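Please keep the sequence and the structure in view while reading.

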Amino acid sequence: MQALRTARLVLDSPRESDIPAVFQACSDPDVLRWIPLPEPYTRQNAEFFVRSYSPHGLASGRFTVWAVREGETRPLVGVVEVRRDEAPGSASVGCWLTPAARRRGVMTEALTAVCAHALDPEGLGFERLHWEYLPGNEVSRHLAESVGFDFAGVEPHTVDFRDEQREALTGVLSRDRLGG
């Protein structure tokens, strides 16, 4: 996995030292409200996540996961994931951020870098990306729209969210729309 850098962020692989931050962030009620993680989220879940997506982890080529850091040696403050879809040239993007890093533009900067890399023919080479969110999570929609995801004319669809059927909406981002 290629590390990415922005003006103030480093996006790289999760590390063993990230386990406490992953555990704390994924136990946060706001994260659990919108992301279908195991609930309760345990330290073992955090260990599995970090070890699966670390540079020598067991994750398949279907997922690429970046730890978001505010500097090379700083702790993880969030995660951005790109998951290859079944349709050729297509992937889905998701993310979460620790409470302390919210409302400072960190995820907008990280997501912009990851989407640019994912759509770059010299990067991951996808033709289009999808962003799915649950109605009511307007922060998620606003974040996606700020990067260029388009939700115009999107019809709600049903998703399985921890064994419960929930309504969701999906936006699309293609190479020509990156950056809004």
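Which residues of helix 5 (residues 138-147) are buried? They are S140, L143, A144 and V147, where buried means under 20% relative accessible area, exposed means over 50% and partly exposed lies in between, with a 1.4 Å probe and protein chains only. Viewed down the axis of helix 5, these buried residues fall within an arc of 95 degrees, so they line one face of the helix; the arc is that of the directions from the helix axis to the C-beta atoms. An α-helix has 3.6 residues a turn, so residues three or four places apart point the same way. The cover over the buried residues of helix 5 includes strand 5, helix 4 (106-119), strand 6 (128-133) and strand 8, contact being defined as heavy atoms within 4.5 Å.

Some conventions apply throughout. The model is predicted, and local features need pLDDT of at least 70, side-chain atom pairs count only at pLDDT 80 or more, and totals for chains, interfaces and linings use all residues. Residues are numbered from 1 along each chain as its sequence is written, and side-chain values use heavy atoms, with hydrogens and water left out. Helices (H or I, at least four residues) and strands (E, at least two) are DSSP runs, numbered from the N terminus.

Helix 1 (residues 19-26) can be read in a similar manner. Its buried residues are I19, A21, V22, A25 and C26. These residues cover an arc of only 165 degrees around the axis, which puts them on the same side of helix 1. They pack against helix 2 (29-34), helix 3 (43-53), strand 4 (76-84) and strand 5 (90-97).

Strand 4 pairs with strand 3 (residues 63-69) in the antiparallel sense over 7 bridges. Within this pairing, V68 has G78 as its bridge partner, and V65 stands opposite E81. The hairpin of strand 3 and strand 4 has 6 residues between the strands, and G71 in this hairpin takes a positive phi near 140 degrees. Strand 4 also pairs with strand 5, in the antiparallel sense and over 7 bridges; here R83 stands opposite S92. These two strands form a hairpin with 5 residues between them, and G89 in the turn has a positive phi of about 75 degrees.

T170 touches H130, W131, E132, F151, V154 and H157, not counting residues up to four places away in sequence. T170 and H157 are 13 residues apart in sequence, and their C-alpha atoms are 8.4 Å apart in space.

Most residues other than glycine have a negative phi, and most peptide bonds are trans. A cis peptide bond, with omega of about 5 degrees, joins E39 and P40, and P40 lies in the loop between helix 2 and helix 3. In the loop between strand 7 (157-161) and strand 8 (164-174) lies R162, which has a positive phi near 50 degrees and is partly exposed at 30% relative accessibility. D163 lies in the loop between strand 7 and strand 8; its phi is positive, near 65 degrees, and it is exposed, with a relative accessible area of 74%.

Finally, there is the open space in the model. The lining of the largest pocket comprises 50 residues, of which W34, I35, G94, C95 and W96 lie nearest its centre. A pocket is an open set of points on a 1 Å grid over the protein atoms alone, where a 1.4 Å probe fits, with protein on both sides within 12 Å along at least five of seven lines; lining residues have an atom within 4 Å of a point.

How values were computed
Two strands pair if DSSP finds at least two bridges between them.
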